[in-house]
Amino acid sequence: MQSTIILGIESSCDDTSAAVIQDGILLSNVIANQSVHSNYGGVVPELASRAHQINIIPVVHEALKRAGINKNELSAITFTRGPGLLGSLLVGTSFAKGFAQALNIPLIDVNHLQAHVLAHFIREGKPDERHPDYPFLCLLVSGGNSQIVLVKSYNDMEVVGQTIDDAAGEAFDKCAKVMGLPYPGGPHIDRLAKEGNPKAFKLNKPQLPNYNYSFSGLKTSFLYLLRDKTADNPNFISENLADLCASLQSTVIDILMNKLKMAADDFNIQQVAVAGGVSANSALRQAFQDYGKKYGWKIFIPPFAYTTDNAAMIAMTGYLKYQHADFCSISEVPFARVTNKF
Ligand code: KG4
């Protein structure tokens with residue numbers, strides 16, 4: 001039987017990535033990060049698009065080389081169509097369209113958030129690899145999104161809860177910024193929190209009735225705490241950095257896990273996964289382990305490489321769509337905004 005070989009391309013934000021999957025097994029996953037944004041405290045869209053233009057060809061070339069695959073062996077090209085920064089998406093989309101046309105092979109569009117969820121199906125060929133069965137719940141937490149997704153199949157996912165303001169990663173990054181930590185602040189908070197007391201400071205938790213999240217009240221209460229305390233003691237932040245990080249982190253995780261537990265109970269689902277950049281957080285990963293033990297959940301935590309943006313998850317999603325001949329036309333265009341179904 002002929003192999004199915006998929007090239008995946010990801011360019012939704014500030015990482016240019018390409019990956020190759022052969023018959024469901026990942027052969028390569030190359031990521032070029034963009035250091036250009038670190039001076040600005042966040043991603044600058046115009047600079048991101050320019051860097052993608054520079055990176056895309058070498059990254060694809062390297063992914064094919066590491067996979068040991070010739071471009072003429074590819075079965076299809078799959079790319080992130082959205083949501084994301086439009087200028088960034090345009091680079092990957094245009095490249096994918098041109099490459100697929102030149103090779104005369106199908107083109108497959110992928111929703112970036114759907115791909116984060118399906119990262120749990122990436123296989124590296126190791127014997128102990130496991131993946132969730134449908135239906136399962138996925139907590140999707142990144143710099144731009146915080147959602148609880150009910151996953152009914154590879155192409156049928158419903159967002160049952162989501163943030164009404166900031167995302168969890170955004171809350172980490174913004175609070176880190178006011179403490180003077182570099183961007184992105186999430187990993188720094190994670191590291192510093194290890195030495196701190198999570199009960200040192202009490203911070204606001206939102207009272208929303210459904211599965212939706214809100215992090216803006218927490219962010220404001222954190223800001224006011226720093227403002228009031230530094231008025232009395234200008235060294236308050238540096239003297240309490242670890243406790244501040246630990247308290248903030250534990251509040252964010254409580255908020256995330258409480259709603260997830262509520263959804264798992266209401267939908268009667270015992271398989272629970274986590275995905276997105278914030279799923280790299282060590283305390284969140286621990287909370288998943290603890291909830292798994294306490295409530296009998298079968299939990300799924302992705303390897304670190306597949307938590308942040310990567311093309312392996314795009315190639316995996318493309319591989320699943322390829323099985324169903326779920327191709328797209330050359331006239332599809334990227335989209336920026338998050339949708340409620342994917
Ligand atoms: O999915 P992702 O790579 O892309 C965006 O949505 O932009 O997520 C990035 C987010 C950032 O907010 C970053 O601070 C957060 O994930 N993050 C973390 C950790 N690692 C990355 N947050 C908390 N703890 C971490 N270890």
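Ten nonpolar, six polar and five charged residues make up the lining of the second largest pocket. Nonpolar here means Ala, Val, Leu, Ile, Met, Phe, Trp, Tyr, Cys and Pro; charged means Asp, Glu, Lys and Arg; the others, Gly among them, are polar.

Ground rules. This is a predicted model, with local features needing pLDDT of at least 70 and side-chain atom pairs pLDDT 80 or more, while totals for chains, interfaces and linings use all residues. Numbering runs from 1 along each chain as its sequence is written, and side-chain values use heavy atoms, without hydrogens or water.

A pocket is an open set of points on a 1 Å grid over the protein atoms alone, where a 1.4 Å probe fits, with protein on both sides within 12 Å along at least five of seven lines; lining residues have an atom within 4 Å of a point.

Back to the second largest pocket. Its volume is about 500 Å³, meaning the space filled by probe spheres set on the points. Nearest its centre, among 21 lining residues, are Pro 198, Ser 247, Ser 250, Thr 251 and Asp 254. H8 gives the most, eight residues. Helices are DSSP runs of H or I, at least four residues; strands are E, at least two.

Now the largest pocket. About 1300 Å³. It has 47 lining residues, with Asp 14, Gly 143, Asp 173, Tyr 183 and Pro 184 nearest the centre. Strand E3 (25-33) and helices H3 (112-118), H4 (168-178) and H5 (186-193) each give two or more. H4 leads with seven. By class: 17 nonpolar, 22 polar, eight charged.

Which domains supply at least three residues each to that lining? Domain 1 (5-127 + 306-322) and domain 2 (136-304), with bounds from an automatic or database assignment.
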